[in-house]
Amino acid sequence: MGRSRRTIPEELLLLALDPTTGTTAQPQSLDLGLAGAQLVELALAGRIAPDGDRIAVVVPRPTGDPTLDCALELLRRRGAPVRAVHWIGGPRLGLRQTYLSHLERCGMVAAVPGQMCGVLPTTRYQATDTAISREIRSRLDSAIRTGVPPDPRTAALAALAHAVGLGKHLYPGNEGRSSRSRLRDLIRHDPMGGVVAHAVMDVQNGAAAQPRRGPTATASATATGRQGAAGARTAAEPARGVPMQPHRGSMARAVAH
């Protein structure tokens, strides 16, 4: 993949970058969103594909983007599909800073050194070409305003922006309420973006350890409960000369960057 097209992690970070303060909105959840954005970009590049709520590597060939290829290699080493929520919620250090440095090397942002309280060194980041940020924002605004189904990249970007809480940064206050709602609704236009966005929200809600229950899992759990209840009733009855078989319950898993 060449550098003629910006990646979704890059666009998500540029969306989050505040042009006034030089800081990023929603910094904690943004790291989760960037990990999810890597998955979407790899899926659009044909390297991975969703397998239920899991992610499977289908083509391990590098993309040519070092940051994405690092994630792809780590996924490949897993050897088996991994749940999106576990991948996104896994320990990762400095993913946001990695992408800020990446954008600086690409010339899309400039680092501005400063001090906090006149003592602690800080670094702010300013977009070097505000037209890029305006173009990204314009795509979201157009999808929200017109209701026309967006292209997969814009739909995925909208889903991730909603998942990390950028809606209130992009469309603040009561006047932005309807836009925030429509931003959320854009999730349905890209299946992979939807899977990843829901995984990001699950991690933030502390649901990473709990697998999503589909109809089959629910039915299985119900059946197991009925069997357990029947077993309890049987155990309370006198033995009828038939040896009882003990019930064997069945128990039905992200990126260090």
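This tour goes from the sheet to a helix lying across it, then to a helix pair and a ring. Remember that the model is predicted.

Stop 1: Select residues 48–51, strand β1, and residues 54–57, strand β2. The two strands pair in the antiparallel sense, over four bridges. Now pick out two of the partners. P50 is bridged to I55 in β2, and D51 is bridged to R54.

Stop 2: Three strands now form an open sheet in the order β1-β2-β3, with antiparallel pairing.

Stop 3: Select residues 66–78, helix α3. Helix α3 lies across β1, β2 and β3. Its direction is at about 100° to β2.

**Stop 4: a helix pair.** Select α7, residues 152–163, and α10, residues 191–204. How do their axes cross? They come within 9 Å and cross at roughly 10°. Angles under 35 degrees count as roughly parallel, and α7 and α10 are therefore roughly parallel to each other. Show side chains at the contact: in α7, look for residues including A156 and L160; in α10, for residues including V196 and M201. The contact has eight nonpolar, three polar and no charged residues.

**Stop 5: a charge over a ring.** Select R137 and Y171. R137 lies over the face of Y171, 4.8 Å from the ring centre. Aromatic pairs number zero in the whole structure.

Definitions and conventions
Residues numbered from 1 in each chain as written. Predicted model: local features only at pLDDT ≥ 70, side-chain atom pairs only at ≥ 80, totals over all residues. Heavy atoms only, no water. Axes fitted to C-alpha atoms, helices over the stretch in contact; angles between N-to-C directions. Parallel < 35°, antiparallel > 145°, perpendicular 65-115°, else oblique. Contact = heavy atoms within 4.5 Å. Nonpolar A, V, L, I, M, F, W, Y, C, P; charged D, E, K, R; others polar. Phe/Tyr/Trp six-rings, centres within 6.5 Å; stacked < 30°, edge-to-face > 60°. Lys NZ or Arg CZ within 6 Å of the ring centre and 35° of its normal. Pairing = 2+ DSSP bridges.
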